[in-house]
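Biologist: I would like to learn how to read a protein model. Could we take a few features in turn?

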Amino acid sequence: MKLFLIKLGGSAISDKSKPLSYREDWVKNLGKTLLSHYKLGSKFVLVHGGGSFAHPVALAYGLSKYRDYEQLIGVSLTSSVLNYLSMKITNTLSTVGLPIYPMRTGSIYTIRDGKPQLLIDPTHIMGLINRGVIPMLYGDVVPSDEGFSIISGDDLILDLSIKLRPSAAVFLTDVPGVLNSDGNVIREFSRTSIINERATGHIDVTGGLIKKIEIALELSNYVKTYLCAIWDLESISKVLNGEEPINCTKFTSRQSLNSVSNT
């Protein structure tokens, strides 16, 4: 079975500079591409980020670290707006013919000792896939040792890929992969790239992208891992066909971080 885990990043589904913006055209065109492969037998699990829907609310209530009772309203509102976004994406993709099966992450995940913990058996998700639907989860506010914590879509992709072992995992953003200082796509990215090039300014990795790259590198230990633009449908199709895309970044784990830093 050809199974693919696809992460729709916040910047791929929304304009993060505009609260509650939704890139419906990009999502719809992606859906048409996935549908053509779905009809040929490919299976999918989707995960989406919060984008300009959840982040402003979570920031306003300081949900990056749960502290007190007053934040519970923020937990409620963030969960609500994420569910609203999930329904928008579900409606868009279902309209083009994809049988999306939305799942509320906070109902099946918790965080223990700082790590995501799936509360249901992975065979349940595989059962849904085998029945023909496409499970879709999202970054969410979930119960944790501290009360509540945010689990990112990137964390979900890593955990689910380890458990489900897909043919490939694809991170979709609004840019075609990791770019160098000239704006060109770095086609293959390893831990060597981070250690040897970040300090010299050759790689544009700041903010949340650094964590995404670290997760993608770890994920590449288990499955083929790519970062592509959601609007680059040709490259996405190549990945789904088992080919190597030209305009995406492929992550590799050829050397460990420790071995590189000691050279």
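**Reading the sheet**

Modeller: β3 and strand β6 (residues 134–138) pair in the parallel sense over three bridges. In that pairing, P102 stands opposite M136 in β6. Keep in mind that this is a predicted model.

Biologist: In what order do the eight strands of the open sheet run?

Modeller: The order is β3-β6-β2-β1-β9-β11-β12-β10, and the pairing is mixed.

Biologist: Which strands stand at the edges?

Modeller: β3 (100–102) and β10 do. Each has a single partner strand, so one side of each has no neighbour in the sheet.

Biologist: What packs on the sheet?

Modeller: Helix α10 does, and it touches β1, β2, β9 and β11. The direction of α10 makes about 170° with that of β9.

Biologist: How do I read the two faces of a strand?

Modeller: Start with the general idea. In a regular strand, side chains alternate between the two faces of the sheet. Now look at strand β1 (residues 3–8). Six of its six residues are buried. L3, L5 and K7 lie on one side, while F4, I6 and L8 lie on the other. Both faces of β1 are covered.

Biologist: Which strands pair with β1?

Modeller: Strand β2 (residues 43–48) pairs with β1 in the parallel sense over six bridges. Strand β9 (residues 168–173) also pairs with β1 in the parallel sense, over five bridges. Take F4 as an example. Its bridge partner in β2 is F44. In β9, the bridge partner of F4 is A168.

Biologist: In which sense do β7 and β8 pair, parallel or antiparallel?

Modeller: They pair in the antiparallel sense over five bridges. V141 stands opposite I150 in β8. A hairpin joins β7 to β8 through two residues. Four of the five residues of β7 (residues 140–144) are buried, so β7 is largely enclosed by the rest of the structure.

**Reading the helices**

Biologist: How do I read the sides of a helix?

Modeller: Here is the general idea. An α-helix has 3.6 residues a turn, so residues three or four places apart point the same way. Now turn to α10 (233–240). Its buried residues are among the ones to look for: S235, I236, S237, V239 and L240 are buried.

Biologist: What do the buried residues of α10 pack against?

Modeller: They pack against β1, α2 (24–38), β2, β9 and β11. After α10 comes G242, whose phi is positive, near 80°.

Biologist: Which residues of helix α3 are buried?

Modeller: In α3 (residues 51–60), they are G51, S52, F53, A54 and A58. Their cover includes α1 (10–13), α4 (72–95) and β8 (147–151). α3 is followed by G62, whose phi is positive, near 60°.

Biologist: Where does D159 lie?

Modeller: D159 sits in helix α7 (residues 153–164). Its relative accessibility is 12%, so D159 counts as buried. The side chains of D159 and K163 are joined by a polar contact of 2.7 Å. Leaving out residues up to four places away in sequence, D159 touches Y109, P116 and L118.

**Reading pairs of side chains**

Biologist: How do I describe two aromatic rings?

Modeller: A pair of aromatic rings is described by the distance of the centres and the angle of the planes. In this structure, a search of the whole model finds three aromatic pairs. One of them is F189 with F251, at 5.9 Å centre to centre and 55° between the planes. This pair is tilted. It links distant parts of the chain: F189 is in strand β10 (residues 188–189) and F251 is in strand β12 (residues 249–251), 62 residues apart.

Biologist: Why does F189 count as buried?

Modeller: Its relative accessibility is 0%, and the cut-off for buried is under 20%. F251 has 3% relative accessibility, so F251 counts as buried too.

Biologist: How many disulfides are there?

Modeller: The count comes to one disulfide. C228 is joined to C248, with 2.2 Å from S to S. The torsion about their S-S bond is about 120°, so the disulfide is right-handed. C228 belongs to strand β11 (residues 224–229), and C248 to the loop between α10 and β12, 20 residues apart. Both C228 and C248 are buried.

Key:
Residues numbered from 1 in each chain as written. Predicted model: local features only at pLDDT ≥ 70, side-chain atom pairs only at ≥ 80, totals over all residues. Heavy atoms only, no water. Phe/Tyr/Trp six-rings, centres within 6.5 Å; stacked < 30°, edge-to-face > 60°. Buried < 20%, exposed > 50% of the residue type's maximum accessible area, 1.4 Å probe, protein only. Disulfide = S-S within 2.5 Å. Polar contact = N/O pair within 3.5 Å; in protein donor to acceptor, adjacent residues only side chain to side chain. Contact = heavy atoms within 4.5 Å. Pairing = 2+ DSSP bridges. Axes fitted to C-alpha atoms, helices over the stretch in contact; angles between N-to-C directions.
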